[in-house]
Structures are given as C-alpha cells and as structure tokens.
Amino acid sequence: MFINMQELLNILRQEVELHEQLIMLLQKESEGFGRLRGSELLKLQGEKSRCVRASARLESERIELVEKIAHSWKMRSKK
C-alpha cells in the first residue's frame, strides 16, 4: 500500500509541475501578444500541447491507481 501512495504522490507532483509550466507558458504568450513572431507563437503552442498531453496521460495513470487503491480497500471508485 505504501508503494501505491508513493506512486500517487509522485504522479500528483508531476501534474503540479506540468500545470505550473503551462501557466508560465500561457503568461509568456499573453505578455507577448502582438509582439511575438509567428514562429515563437508556434513554439509556445507546441510546448503547451506537450504539457497538456503529458497532463492527460498522468491524469489517466492517477485515476487507474486510485481505482486500484480503492479496490485494495474493498471500496468502489466513483466514476
């Protein structure tokens, strides 16, 4: 059980880091509105997309892990 909780904590930390990175990218984009070149905007878009995809992957892993933990405690997860 301890391993599952550590794994869950690790996933949550990674999600926080990705969300912080996404916020930073969004701020950079909004601050550069009207000044950034097209290539810079495309680069930002690519970085934002990468963050969102990684977040979605981690979220799926987190949900799966929480369901395993709930099952081990003989509880039903709420989907």
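Contact here means heavy atoms within 4.5 Å, and helices (H or I, at least four residues) and strands (E, at least two) are DSSP runs numbered from the N terminus. This is a predicted model, in which local features need pLDDT of at least 70 and side-chain atom pairs count only at pLDDT 80 or more, while totals for chains, interfaces and linings use all residues. Residues are numbered from 1 along each chain as its sequence is written, and side-chain values use heavy atoms, with hydrogens and water left out.

**View 1**
Let's start with the overall outline. Along the principal axes, the C-alpha atoms fill a box of roughly 55 × 20 × 15 Å. Of contacts between residues at least 6 apart in sequence, 70% join residues at least 24 apart. The chain exposes about 6400 Å² (Shrake-Rupley method, 1.4 Å probe; for residues, only the protein chains shown count as cover), and carbon and sulfur atoms supply 58% of that area.

**View 1. Helix H1 and its buried residues.**
H1 has 30 residues and reaches 43 Å from its first C-alpha to its last. That is close to the expected 44 Å, a span defined as 1.5 Å times one less than the number of residues. Leu-8, Ile-11, Glu-15, Leu-18, Leu-22 and Leu-25 are buried in H1; buried means under 20% relative accessible area, exposed over 50%, and partly exposed in between (1.4 Å probe, protein chains only). These buried residues of H1 pack against H2. Across the chain, 20% of the 79 residues count as buried.

**View 2. The largest nonpolar core, with eleven residues.**
A nonpolar core is a set of buried Ala, Val, Leu, Ile, Met, Phe, Trp, Tyr and Cys residues joined through side-chain atoms within 4.5 Å. Its members here are Leu-8, Ile-11, Leu-18, Leu-22, Leu-25, Leu-44, Cys-51, Ala-54, Leu-58, Leu-65 and Ile-69. Helix H1 (2-31) and helix H2 (38-72) each supply at least two residues, and the largest share, six residues, comes from H2. Take a look at Leu-58: leaving aside neighbours within four places in sequence, Leu-58 is in contact with Ile-11, Gln-14, Glu-15 and Leu-18.

**View 3. Arg-62 with Glu-15 and Glu-59.**
A salt bridge is a side-chain nitrogen of Lys or Arg within 4 Å of a carboxyl oxygen of Asp or Glu, and the structure holds five. Arg-62 forms one with Glu-15, the closest N and O atoms being 3.9 Å apart. Arg-62 lies in helix H2 and Glu-15 in helix H1, so the pair ties together parts 47 residues apart in sequence. Glu-15 is buried, at 8% relative accessible area, whereas Arg-62 is partly exposed, at 22%. Arg-62 also bridges to Glu-59, with the closest N and O atoms 2.5 Å apart. Both of these residues lie in H2, three residues apart, about one turn of the helix. Glu-59 is partly exposed, with 29% relative accessibility. Shared partners join Glu-15, Glu-59 and Arg-62 into one network.

**View 4. The salt bridge of Glu-29 and Lys-48.**
Here the two side chains meet at 2.7 Å, N to O. The pair links distant parts of the chain, with Glu-29 in helix H1 and Lys-48 in helix H2, 19 residues apart. Glu-29 counts as partly exposed at 22% relative accessibility, while Lys-48 is buried, with a relative accessible area of 10%.
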